[in-house]
Amino acid sequence: LLAKVPPPLGPQKEMRLDNLILALNLPSHEGFLHFNEVLYALARKAVGIPLPDMPQKRELRQMQLSVFPSLKKGRNYHLVADSWAAIKVQQAWRRKRRLRAGVTVETDNEKK
């Protein structure tokens with residue numbers, strides 16, 4: 001979905017999607033992303049500075065915390081980039097294992 005977002009919020013023409021995911025530095029909450037966190041990260045990337053602390057932003061944050069307890073600080077979470085890296089390592093390992101077994105390796109580009 002993120003690949004379909006046009007610039008300036010989405011990936012620039014020369015930027016790969018995995019580089020954008022790393023740049024956003026998004027936390028994964030038990031496998032879920034919260035829309036507002038993604039939107040703020042995209043806006044922060046586009047503008048180049050963090051969004052200012054405004055009363056509306058604080059009010060929205062309090063509402064989010066009441067609805068989504070997994071957003072509370074101090075809770076263990078990992079970044080989306082960690083999951084992305086694990087997937088890439090698994091893909092490379094499986095590709096190498098299939099190569100050693102003599103099975104034809106299909107690249108990501110050939111799947112399309």
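From the N terminus on, the elements of the protein chain run α-β-α-α-β-α-α, which makes five helices and two strands. Helices (H or I, at least four residues) and strands (E, at least two) are DSSP runs, numbered from the N terminus. This is a predicted model, in which local features need pLDDT of at least 70 and side-chain atom pairs count only at pLDDT 80 or more, while totals for chains, interfaces and linings use all residues. Residues are numbered from 1 along each chain as its sequence is written, and side-chain values use heavy atoms, with hydrogens and water left out.

Of the 112 residues of the chain, 21% count as buried. Buried means under 20% relative accessible area, exposed over 50%, and partly exposed in between (1.4 Å probe, protein chains only). The chain exposes about 8,800 Å², and carbon and sulfur atoms supply 59% of that area. Accessible areas come from the Shrake-Rupley method with a 1.4 Å probe; for residues, only the protein chains shown count as cover. Among contacts (heavy atoms within 4.5 Å) between residues at least 6 apart in sequence, 49% join residues at least 24 apart.

Helix α1 covers residues 17–24 and helix α4 residues 80–101; their axes come within 8 Å and cross at roughly 145°. Axes are lines fitted to C-alpha atoms, for helices over the stretch in contact, and angles run from 0 to 180 degrees between N-to-C directions. From α1, Leu17, Asp18, Ile21 and Leu22 take part, and from α4, Val80, Ala81 and Trp84. By class, this contact has six nonpolar, no polar and one charged residues. Ala, Val, Leu, Ile, Met, Phe, Trp, Tyr, Cys and Pro count as nonpolar, Asp, Glu, Lys and Arg as charged, and the others, Gly among them, as polar.

Leu24 also belongs to α1. Leu24 is buried, with a relative accessible area of 2%. Leaving aside neighbours within four places in sequence, Leu24 is in contact with Leu2, Ala41, Leu42, Arg44 and Lys45. The C-alpha atoms of Leu24 and Leu42 are separated by 6.8 Å, though the two residues are 18 apart along the chain. For Ala43 and Leu24, 19 residues apart, the C-alpha separation is 9.8 Å.

Ala43 lies in helix α2. Outside the four places on either side in sequence, Ala43 is in contact with Leu9, Gly48 and Leu51. Helix α2 (residues 35–47) packs with α3 at an angle of about 145°, their axes 11 Å apart. Here Asn36, Glu37 and Tyr40 in α2 meet Lys57, Leu60, Arg61 and Gln64 in α3. The residues of this contact divide into two nonpolar, two polar and three charged.

Phe68 is found in the loop between α3 (55–67) and β2 (78–79). Phe68 is partly exposed, with a relative accessible area of 37%. Together with Met63 and Val67, Phe68 makes a nonpolar surface patch of about 290 Å².

Methods
Patches are made of residues with over 30% relative accessible area and no salt bridge: like charges are joined within 9 Å, nonpolar side chains (Val, Leu, Ile, Met, Phe, Trp, Tyr) within 5 Å. A salt bridge is a side-chain nitrogen of Lys or Arg within 4 Å of a carboxyl oxygen of Asp or Glu.
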